[in-house]
Amino acid sequence: MVGFHDAVKYSRNIPLTTRIRRVHMSFANLALIMERGRHAAKRVLVGSDRLPSIDEAETLGYEANILDRVHKVKYTTPRRNNKSRKIPGSGSQGASGGPETVAPSGERWVEQGVDEILHLKILESLLDTDEPATIVLATGDAAVAEFSGGFMRMVERALQRGWSVELVSFIQVTSYAYRKKEFRAKWGDRFKMVELDTYIEELFE
């Protein structure tokens, strides 16, 4: 949804930093782009907001897992002596010694476990399917997750086991890790990218 709204702004020459009203996306059209009339053995959607597109996805046979956001407090570790010194051989800055105190620096409601559920579903498919097939993954995220190796690691595991992977995402939110020449050359035609920006008008509800 973040990528969708960024693509909407870009298509209408609206600065990305400008807040706009939430635009509803047609999940039926997204599913059409992802599936392209092929048989889908498993359809999974995970998120943290109960948007209208979630209800639409469920009517299309998607297993929707909507998790509540959790309240988290970030902690910092201020030192008694604020002077910093160079750590020999590291090139990084470290605070000088002394007793430490832990204090909260901010509180917010955040997603937790959303990516990891999708990772689990991918791994289930890899284990439960006798012959390698195709995974269609709608995300551009390649970062390591809080409790797992992240989507890039799942993609690599699938490719190593002979599966094909189609990554469906918007350009602005697609990690460069998926575009690296070494990565693309290693897996050839078994890894494909579908850029949703081309279909922005069709994705409007």
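This note goes through the predicted model point by point, from its overall make-up to single residues.

1. Basis of the model. The structure is a predicted model, in which local features need pLDDT of at least 70 and side-chain atom pairs count only at pLDDT 80 or more, while totals for chains, interfaces and linings use all residues. Residues are numbered from 1 along each chain as its sequence is written, and side-chain values use heavy atoms, with hydrogens and water left out.

2. Overall make-up. The protein has six helices and nine strands, where helices (H or I, at least four residues) and strands (E, at least two) are DSSP runs numbered from the N terminus. Of its 205 residues, 34% are buried, buried meaning under 20% relative accessible area, exposed over 50% and partly exposed in between, with a 1.4 Å probe and protein chains only. Among contacts (heavy atoms within 4.5 Å) with a separation of 6 or more, 66% join residues 24 or more positions apart.

3. Four bridges link β7 to β8 (residues 164–169) in the parallel sense, and Ile-135 stands opposite Val-165 in β8.

4. Helices α4 and α5. The axes of α4 (residues 114–128) and α5 (residues 151–160) come within 10 Å and cross at roughly 5°, the axes being lines fitted to C-alpha atoms, for helices over the stretch in contact, with angles from 0 to 180 degrees between N-to-C directions. The two helices are therefore roughly parallel to each other, a label for angles under 35 degrees, whereas over 145 counts as roughly antiparallel, 65 to 115 as roughly perpendicular and the rest as oblique. Residues making the contact include Leu-118, Ile-122 and Leu-126 of α4 and Phe-151, Met-154 and Arg-157 of α5.

5. The cores. A nonpolar core is a set of buried Ala, Val, Leu, Ile, Met, Phe, Trp, Tyr and Cys residues joined through side-chain atoms within 4.5 Å. The largest has 22 residues, and those touching the most other members are Ile-135, Leu-137, Val-155, Leu-159, Tyr-178, Phe-183 and Phe-191. Helix α5 gives the most to this core, with six residues. Phe-191 touches, among others, Val-155, Leu-159, Val-165 and Tyr-178, not counting residues up to four places away in sequence.

6. Helix α2. In α2 (residues 27–35), Phe-27, Leu-30, Ala-31, Ile-33, Met-34 and Glu-35 are buried, and what covers them includes β1, α3 (52–59), β7, β8 and β9. Just after α2, Arg-36 takes a positive phi of about 50°.

7. Lys-121, in helix α4, is buried at a relative accessible area of 16% and touches Lys-42, Val-44 and Glu-63, not counting residues up to four places away in sequence. Ile-54, in helix α3, counts as buried at 6% relative accessibility. With the same exclusion of residues up to four places away in sequence, Ile-54 touches Leu-45, Asp-49, Ala-64 and Ile-66, and its C-alpha atom is separated by 9.9 Å from that of Ser-26, 28 residues apart along the chain.

Methods
Pairing = 2+ DSSP bridges.
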